[in-house]
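Please look through the sequence and the model together before reading these notes. They are meant as a guide for a colleague who is new to reading structures.

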Amino acid sequence: MKKRISQRDIAKILGINVSTVSRALKGLKGVSPSLQRQILDLANEQGYRPNPFAMSLRYDTTHTIGIVVPDVSFSYYAHILKTIVSEALPEPPDAIVAAHGVLAISAFHAILSRGLRIPEDVAFIGFMSDWVSEISHPRVTFVKQNLKEIAKKAFKLLYEQMNGEENVCQIVANAHLELRDSTKN
């Protein structure tokens, strides 16, 4: 797959500042019409798309909705989640991250039923849903977790609490993003 071109890449190719590229892509003042045309032409030629993850870091907002349910495999919760996804899509998000295989399939079908294309209109990522990647088209990008590491760290915390440790701490477990066809690289 072709590497996603960034604003920094465009700036480097044209020998200009990243801020100039950013202004040109947003249609802001301060960029000559000929330079703006060069930037836009290169961006289109190279398939530039804003990176939603970089934008969320820059603007301190993700436009992500997180939903926690006891067990998404129950049709009750799956129906609620599918409806929420359908309601969210009229305001098209840049990406959807599905936290469970059943939810991933429901969200995937909700996106397609709206006539949206994956990944052209909406990027799609599964979380702990590697099996969904193998049965869907396009194949779903997913976050692969180290379940053994999670289990060991969870047990260690539990064991410490059982032995009198009262401090609650946050533990981070390693994960890996497995890129597939549902996201543009």
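Predicted model: local features only at pLDDT ≥ 70, side-chain atom pairs only at ≥ 80, totals over all residues.

1. Residues are numbered from 1 along each chain as its sequence is written, and side-chain values use heavy atoms, with hydrogens and water left out.

2. The protein chain holds eight helices and four strands, where helices (H or I, at least four residues) and strands (E, at least two) are DSSP runs numbered from the N terminus. Along the sequence their order is α-α-α-α-α-β-α-β-α-β-α-β.

3. Of the 185 residues in the protein chain, 30% are buried, a term that means under 20% relative accessible area, with exposed meaning over 50% and partly exposed lying in between (1.4 Å probe, protein chains only). The chain exposes about 12,600 Å², and carbon and sulfur atoms supply 56% of that area, which is computed by the Shrake-Rupley method with a 1.4 Å probe.

4. Helix H1 (residues 7-14) packs with helix H3 (residues 33-45) at an angle of about 125 degrees, and their axes are 11 Å apart; axes are lines fitted to C-alpha atoms, for helices over the stretch in contact, and angles run from 0 to 180 degrees between N-to-C directions. That angle makes H1 oblique to H3, since angles under 35 degrees count as roughly parallel, over 145 as roughly antiparallel, 65 to 115 as roughly perpendicular and the rest as oblique. On the H1 side Ile-10, Ile-13 and Leu-14 meet Gln-38, Ile-39, Leu-42 and Ala-43 of H3, with contact meaning heavy atoms within 4.5 Å.

5. How do the axes of H1 and helix H2 (residues 18-26) cross, and within what distance do they come? They cross at roughly 110 degrees and come within 8 Å, and H1 is therefore roughly perpendicular to H2. Gln-7, Arg-8, Ile-10 and Ala-11 of H1 make this contact with Val-18, Val-21, Ser-22 and Leu-25 of H2.

6. Leu-157 is a residue of helix H8 (residues 147-162), and it counts as partly exposed because its relative accessibility is 24%. Leaving aside residues up to four places away in sequence, Leu-157 touches Cys-169 and Ile-171. Between Leu-157 and Gln-170, which are 13 residues apart in sequence, the C-alpha to C-alpha distance is 9.6 Å.
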